[in-house]
Amino acid sequence: ATSPRLGLRYAIGGGFAARTSVAAAFRAPTLNDRFWNGAGRPDLRSERARMAELGVTFDRRTGVETWHGEATAFAHAIRDQIVWTPDVTGRFRPENILRTRTVGIEAGGRWALRDDFGRPEVDASLAVTHAVDRSDSSSPTYGRQLRYVPRVVARAGARVSPGRFAFDLNARYVGTRFATADESQALAPALTVDAAAS
């Protein structure tokens with residue numbers, strides 16, 4: 001199997017750059033996928049995918065400040081995607097989903113100040129993903145979000161490091177994740193906050 005990739009990056013100026021890529025990918029089932037004790041499936045087919053991305057990046061240093069940002073839109077079409085899902089007994093087993101399509105946007109940024117006191121840093125990211133089953137238009141799962149793939153994931157963090165000390169505060173939000181292929185049951189959104197001192 002071949003996995004060709006073609007990419008292009010163009011420096012626009014002023015710290016901005018545009019980039020794009022197209023690719024084909026191949027993934028064979030792992031040994032665990034095929035032979036996990038009591039759950040593996042030796043007859044799993046390999047995944048094949050076509051992917052495209054379009055994005056922009058920004059980098060700038062102004063004296064003691066550093067700015068970085070990027071945003072990417074992407075689309076993936078996958079045949080025979082391998083996913084682990086629970087069977088009727090609740091045990092997870094791998095299976096092939098004939099066709100899936102994923103489109104989404106990822107964006108993030110970081111700011112840092114390199115001064116003599118505190119050296120503060122702030123960063124944030126956001127991912128919005130629409131990953132759906134496109135196997136059978138007559139199925140109740142057609143066009144539904146794939147199991148356990150959240151539509152929204154967001155993260156923000158801050159760090160201050162005066163002298164030899166460092167203090168970190170990070171928050172992560174994970175949106176609704178469907179536990180069934182027809183979206184009839186879901187896990188509620190979750191927000192976690194972590195703080196650390198070192």
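Modeller: Partly exposed means a relative accessible area between the two cut-offs: under 20% is buried, over 50% is exposed. Keep in mind that this is a predicted model.

Colleague: Why is Trp67 called partly exposed?

Modeller: Trp67 has 38% relative accessibility. Buried needs under 20%, and exposed needs over 50%.

Colleague: What makes Trp67 and Trp111 a tilted pair?

Modeller: Start with the distance. The ring centres are 6.2 Å apart, and pairing needs centres within 6.5 Å. Now the angle. The planes stand at 55 degrees. Stacked needs under 30 degrees and edge-to-face needs over 60.

Colleague: Why is the pair of Phe92 and Tyr148 said to tie parts together?

Modeller: Phe92 lies in strand S5, while Tyr148 lies in the loop between strands S6 and S7. These parts are 56 residues apart in sequence, so the pair ties them together.

Colleague: What makes the nonpolar surface patch?

Modeller: Trp36, Trp84, Phe92, Tyr148 and Leu187 make a patch of about 460 Å². A patch residue needs over 30% relative accessible area. Trp84, found in strand S4, has 31%, so Trp84 passes that cut-off.

Colleague: Why are S1 and S11 called edge strands?

Modeller: The open sheet has 9 strands in the order S1-S2-S3-S4-S5-S6-S7-S8-S11, with antiparallel pairing. S1 and S11 each pair on one side only. From one strand to the next, the twist averages 15 degrees.

Colleague: How do you know that S2 and S3 pair?

Modeller: Pairing needs at least two bridges. Strands S2 and S3 are joined by 12 and run antiparallel, so they count as paired. Among the residues bridged to S3 is Phe26, whose partner there is Arg48.

Methods
Residues are numbered from 1 along each chain as its sequence is written. This is a predicted model: local features need pLDDT of at least 70, side-chain atom pairs count only at pLDDT 80 or more; totals for chains, interfaces and linings use all residues. Side-chain values use heavy atoms; hydrogens and water are left out. Patches are made of residues with over 30% relative accessible area and no salt bridge: like charges are joined within 9 Å, nonpolar side chains (Val, Leu, Ile, Met, Phe, Trp, Tyr) within 5 Å. Accessible areas come from the Shrake-Rupley method with a 1.4 Å probe; for residues, only the protein chains shown count as cover. A salt bridge is a side-chain nitrogen of Lys or Arg within 4 Å of a carboxyl oxygen of Asp or Glu. Helices (H or I, at least four residues) and strands (E, at least two) are DSSP runs, numbered from the N terminus. Buried means under 20% relative accessible area, exposed over 50%, partly exposed in between (1.4 Å probe, protein chains only). Rings of Phe, Tyr and Trp (its six-membered ring) pair if their centres lie within 6.5 Å; planes under 30 degrees apart count as stacked, over 60 as edge-to-face and the rest as tilted. Axes are lines fitted to C-alpha atoms, for helices over the stretch in contact, and angles run from 0 to 180 degrees between N-to-C directions.
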